[in-house]
Amino acid sequence: MTGPFVNLGQVAAHHARERPDAIAFAFEGRTTSFGAFAARCRRVAAALVADGCRPGARVAFLGKNSDLFFELLFGAGMVGLVTVPLNWRLAPAEHEQILADARADLLFATADFAAAAGRLALDALGVRRLVEIEPGDDPDRHFTAWRDVRGAAADTGADTAVAVGRDDVFLQLYTSGTTGRPKGVMLTHGSVLGALELAGEGAEPWRQWTPDLTALVAMPVFHVSGSGWALGAFHGGGRSVILREFSISGVERAIAADGVTHVMIVPAALQMLVDSWERGTAQAGSLRQIVYGASPMPPVLLNRCLALLGCDFVQYYGMTETCGSFVALSPEDHLQPVGNRLGSTGRVMTGHALRIVDAGGAAVPAHVVGEVCVRTPGVMAGYWNMPEATCETIDADGWLHTGDAGYLDDDGYLFLCDRIKDMIISGGENIYPIEVEQALASHPAVDAVAVIGIPDERWGESVKAFVVLKPGAATQAEELVAHARTAIAGYKVPRSVDFVATLPRNASGKILKRELRAAHRTASDSALA
């Protein structure tokens with residue numbers, strides 16, 4: 001792979017020259033070569049310009065995975081636009097909040113979300129056009145016709161070129177904020193390329209993206225584990241097989257029919273696969289590597305995987321803000337574990353720097369718990385329209401503070417102890433308690449509420465709420481859950497609700513969630529006794 005490239009559009013042009021007939025993307029029976037992909041992206045770029053979009057504008061995507069998403073992503077990037085994929089699992093009010101924050105010019109929605117997108121207050125939000133991401137012959141409604149009609153100038157050689165550099169934002173992924181406001185993580189062309197270039201020649205062999213690899217894109221493209229995984233395969237000249245969404249049958253078909261070699265998956269989805277494969281006759285087949293991350297891996301599940309499947313395993317630890325992973329537990333560490341290393345997240349990978357710091361920002365020695373900080377070429381430009389949050393996360397020396405607590409052992413293996421922030425990770429989805437607390441607190445019977453994450457065998461963690469009712473008020477857990485569901489996505493609502501007389505607080509009135517976690521553990525232990 002030559003380079004370095006200045007922007008992602010140059011990567012598409014490079015592969016169109018070097019391997020025009022090789023398959024870049026496969027989706028539900030439809031394949032796209034590198035040559036065809038680059039040509040279609042140029043049309044998308046021209047169509048966006050024809051629609052009045054200017055460099056720096058945001059275009060949003062609402063829907064499950066599609067190969068056409070990547071045409072939009074690269075086409076927008078070629079003319080300096082920023083793609084904002086929305087989490088399709090969010091509630092309509094949350095979609096509107098993100099669209100308003102991003103100031104999206106256009107909204108592209110897959111067919112199964114087009115009606116829902118049409119019910120959003122698009123005019124009030126400033127969204128000028130809604131385009132359905134499916135084949136069709138109406139250039140006002142369907143992506144392929146919109147691309148080929150409005151973008152026809154690209155085929156005539158008309159100049160729609162825009163100077164796009166590594167500092168220009170390419171992708172804006174939203175994560176939930178600890179204040180309840182979603183944060184738009186701005187990943188530049190340089191952020192993405194910086195992360196991908198580290199997985200080229202000179203990187204650990206099991207980390208390198210090469211043209212002979214076929215990646216399964218089963219995680220959602222609104223996550224860096226979905227979009228970033230496909231970008232890695234594309235950058236290396238490999239093929240991406242895209243699933244609309246994760247399913248056991250979809251994974252099995254992709255292995256059997258498409259020869260998938262590399263899979264990125266969260267532990268909850270991996271458990272579903274293993275449960276099915278232990279009962280049936282499915283085989284790993286072409287699989288060479290399974291990468292897992294995004295939430296804790298139960299040791300029992302990992303041991304089942306190692307016993308059942310004959311492929312390599314790699315654990316990645318990273319963040320959206322770092323354009324993916326910077327720490328990894330290698331295949332060798334899985335096959336020949338030393339001590340308790342399977343309980344770690346691994347060691348920092350080539351090209352990144354890692355340190356653990358105390359509350360004052362000073363580095364701490366091995367085995368001392370502190371905050372995990374990283375310095376990496378993949379670091380975000382910042383949070384969109386949130387300069388204070390950006391400064392709190394990235395210090396003056398370029399170290400990104402993850403908010404995770406952990407320690408390094410004598411050999412440099414990172415062990416995570418807890419999250420400094422109270423984020424809950426359920427099935428690979430990030431859930432911030434304050435969002436759930438605000439939804440529950442809006443119920444007229446609720447006086448006070450605290451939300452924590454508790455261990456869950458299937459999902460890693462599940463949401464648990466402790467609720468204090470107002471004097472004389474009465475309600476049921478089911479009613480509170482239904483109320484919360486009207487304001488937040490279904491996966492965020494509590495799976496259990498405990499009604500309590502008071503919540504533990506410190507002298508300043510802050511709720512002591514560590515005491516709630518301890519009380520839950522004690523109650524669980526008593527129930528098992």
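A: Start with one side chain in this predicted model. Lys 492 has a relative accessible area of 1%, so it is buried.

Q: Which residue meets the side chain of Lys 492 in a salt bridge?

A: Side chains of opposite charge can pair when their charged atoms come close. Here the partner of Lys 492 is Glu 94, at 3.0 Å from N to O. Glu 94 is also buried, with 9% relative accessibility. Lys 492 sits in the loop between helix H16 and strand E25, while Glu 94 is in helix H4, so the pair ties together parts 398 residues apart in sequence.

Q: How many salt bridges does the structure hold, and what does one with Glu 28 look like?

A: The structure holds 26 salt bridges. In one of them, Glu 28 meets Arg 244, with N and O 2.8 Å apart. Glu 28 lies in the loop between strands E1 and E2, and Arg 244 in the loop between strand E10 and helix H10, so this pair ties together parts that are 216 residues apart in sequence. Glu 28 is exposed at 54% relative accessibility, and Arg 244 is partly exposed at 23%.

Q: Where do the nonpolar side chains gather?

A: In soluble globular proteins, nonpolar side chains tend to be buried together. The largest nonpolar core in this model has 117 residues, and Leu 48 and Phe 108 have the most contacts inside it. Another core, of 41 residues, lies apart from it and includes Val 84 and Leu 120. Beyond its neighbours within four places in sequence, Leu 48 is in contact with several residues, among them Cys 53, Gly 75, Ala 76 and Phe 108.

Q: Which cysteine sulfur is nearest to that of Cys 53?

A: A search of the whole structure finds zero disulfides. For Cys 53, the nearest cysteine sulfur belongs to Cys 41, 16 Å away. Cys 53 is buried, at 4% relative accessible area. Cys 391, in contrast, is exposed at 61%; its sulfur is 15 Å from that of Cys 373, too far for a bond.

Q: How do I read a helix such as H3, and is H3 enclosed or open?

A: Compare its span with its number of residues. At 1.5 Å a residue, the 12 residues of H3 should span 16 Å, and the end C-alpha atoms are 17 Å apart, which agrees. Then check burial: 12 of the 12 residues are buried, so H3 is largely enclosed by the rest of the structure. At the start of H3, a side-chain oxygen of Ser 66 comes within 3.1 Å of the backbone nitrogen of Leu 68. After H3 comes Gly 80, with a positive phi near 75°.

Definitions and conventions
Residues numbered from 1 in each chain as written. Predicted model: local features only at pLDDT ≥ 70, side-chain atom pairs only at ≥ 80, totals over all residues. Heavy atoms only, no water. Helix = DSSP H or I, 4+ residues; strand = E, 2+ residues; numbered from the N terminus. Expected span 1.5 Å × (residues − 1). Buried < 20%, exposed > 50% of the residue type's maximum accessible area, 1.4 Å probe, protein only. Polar contact = N/O pair within 3.5 Å; in protein donor to acceptor, adjacent residues only side chain to side chain. Disulfide = S-S within 2.5 Å. Core = buried A, V, L, I, M, F, W, Y, C linked by side-chain atoms within 4.5 Å. Contact = heavy atoms within 4.5 Å. Salt bridge = Lys/Arg side-chain N within 4 Å of Asp/Glu carboxyl O.
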